[in-house]
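Dear colleague,

I am handing over the structure below, and my notes on the architecture follow it. Please read them alongside the coordinates.

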Amino acid sequence: HNIMTMKNYALAAAILANQSYSFAVDAFAIPSSSHLTAPCSSSSLHSTKDHIEAKRKEWSLDGPSSSLIPEVIEQMETDTEFQELAKKISKIGVDGMTKEERAERRRALEDIGVPNFMKFVVAKDDEENVQDSHIQNNRLYRSHPTILQLNIGLYCNQACTHCHVESSPLRKEETMSANVAARCLELLQNTPTIDTLDLTGGAPELNEQFRFLVKMARQWAIENERKLTIIDRCNLTVLLEPNQEDLVDFLKENQVKVVASLPCYGEDNVDAQRGRGVFQRSIAALHKLNEAGYGSSSSDLELDLVYNPSGAFLPPSQESLEGDYKRELLDNFGIEFNNLITITNMPIKRFADHLAKQGQMKEYMELLVNNYNPQTVGGLMCLNTISVGWDGSLYDCDFNQQ
């Protein structure tokens, strides 16, 4: 299995459909684009402290929270597009969907005259005179692994429209076992170059191995005087699920960096992409994180937010959008965070199905190709990442698991 993920720009994701490779943007800096970009919108309020406190009370959830899962399942049952996709997967399987998506991307690339990936990359590499290229003899070369990323399960309390792993409350069985988790820790301990443990899903926190992995990894790092960043890729609403009341304290105690999904600072956009009621719960979860010290410039507890587009367009400039997020979230909700990460949606799984139904696959693939940036090749995730699936399978990128 060979799939690679690009840091920074809207990428050749699609280009790679001409090969057995599939690329994806890893989301650290997307270029400003004058074509087909659509940031979220909201009016800015320059707020007083009293206004911020009033907003916090307005968006707080009093008392124990009920689970989001029953409402998500209800929405899934009434969502025509989701039901059609579920029937399709039931008929041809996930592997069949992957093959079909690859064929769709390949056709789109052929229609716009894009050559195979390596020819394209080598040509752009030479054209831009890229220094310290990882491309030699028409091949990409890995460096030592520094990131161990674990997809510990596909079970999730949400079912987002852009999800590249088809996570939902229905994926209960596809979760990492204790044996696989133990083997992952062994891999971490025996790979001296790894300095980051990246936990993702699904909602990784809902897997019973999540706390075991975090606790054991942090304890091992302390005992062996190893600097280790542990990342929790969090959907925020999981912090308010029943039996997760102490999750924020657990993350703080183990110095876990939180990278949290929030595709907009406006309620309508977030709920349209992630489900009814998700925005209010996300805001309440961010308040809990802030109260624990996350996101403050005076704290070592890092809180990064993630934006992804809600349709077939690129993100705007990461730098300018981060400024908008910080202003809107502070003024309207009293929320602080460290950095905004902007990502480009991969044309796979639910998003690919949406593009195909809307007749937008070719246009979207062309958009990705036209925004390819050869300077980002050195940041490809596949060059320094070991990715482990919930069943213990090894990959060089999370997207290769699809």
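**Overall architecture**

Of the contacts in the protein chain with a separation of 6 or more, 75% are accounted for by residues 24 or more positions apart, where contact means heavy atoms within 4.5 Å. This is a predicted model, in which local features need pLDDT of at least 70 and side-chain atom pairs count only at pLDDT 80 or more, while totals for chains, interfaces and linings use all residues. Residues are numbered from 1 along each chain as its sequence is written, and side-chain values use heavy atoms, with hydrogens and water left out.

The protein chain holds twelve helices and twelve strands, taken as DSSP runs numbered from the N terminus (helices H or I, at least four residues; strands E, at least two). Of its 402 residues, 55% are buried, that is, under 20% relative accessible area with a 1.4 Å probe, protein chains only.

Eight strands form an open sheet with mixed pairing, in the order 10-9-8-7-6-5-11-12, two strands being paired if DSSP finds at least two bridges between them. Strand 10 (339-342) and strand 12 (394-395) stand at the edges, and because each has a single partner strand, one side of each is left without a neighbour in the sheet. Strand 12 pairs with strand 11 (residues 385-388) in the antiparallel sense over two bridges, and Val 388 stands opposite Leu 394 in strand 12. Helix 10 (residues 318-333) packs on the sheet, where it touches strand 9 (303-307) and strand 10, and its direction makes about 130° with that of strand 10; axes are lines fitted to C-alpha atoms, for helices over the stretch in contact, and angles run from 0 to 180 degrees between N-to-C directions.

**Two helix pairs**

Helix 5 (residues 178-189) and helix 6 (residues 209-223) pack at an angle of about 25°, with their axes 10 Å apart, and are therefore roughly parallel to each other (angles under 35 degrees count as such, and 65 to 115 as roughly perpendicular). Their contact, which includes Leu 185 of helix 5 and Trp 220 of helix 6, divides into ten nonpolar, two polar and no charged residues; Ala, Val, Leu, Ile, Met, Phe, Trp, Tyr, Cys and Pro count as nonpolar, Asp, Glu, Lys and Arg as charged, and the others, Gly among them, as polar.

Helix 3 (residues 80-111) and helix 12 (residues 361-370) pack at an angle of about 70°, with their axes 9 Å apart, and are therefore roughly perpendicular to each other. Residues of their contact include Arg 105 of helix 3 and Met 365 of helix 12, and the contact divides into five nonpolar, no polar and four charged residues.

Conventions: Parallel < 35°, antiparallel > 145°, perpendicular 65-115°, else oblique. Buried < 20%, exposed > 50% of the residue type's maximum accessible area, 1.4 Å probe, protein only.
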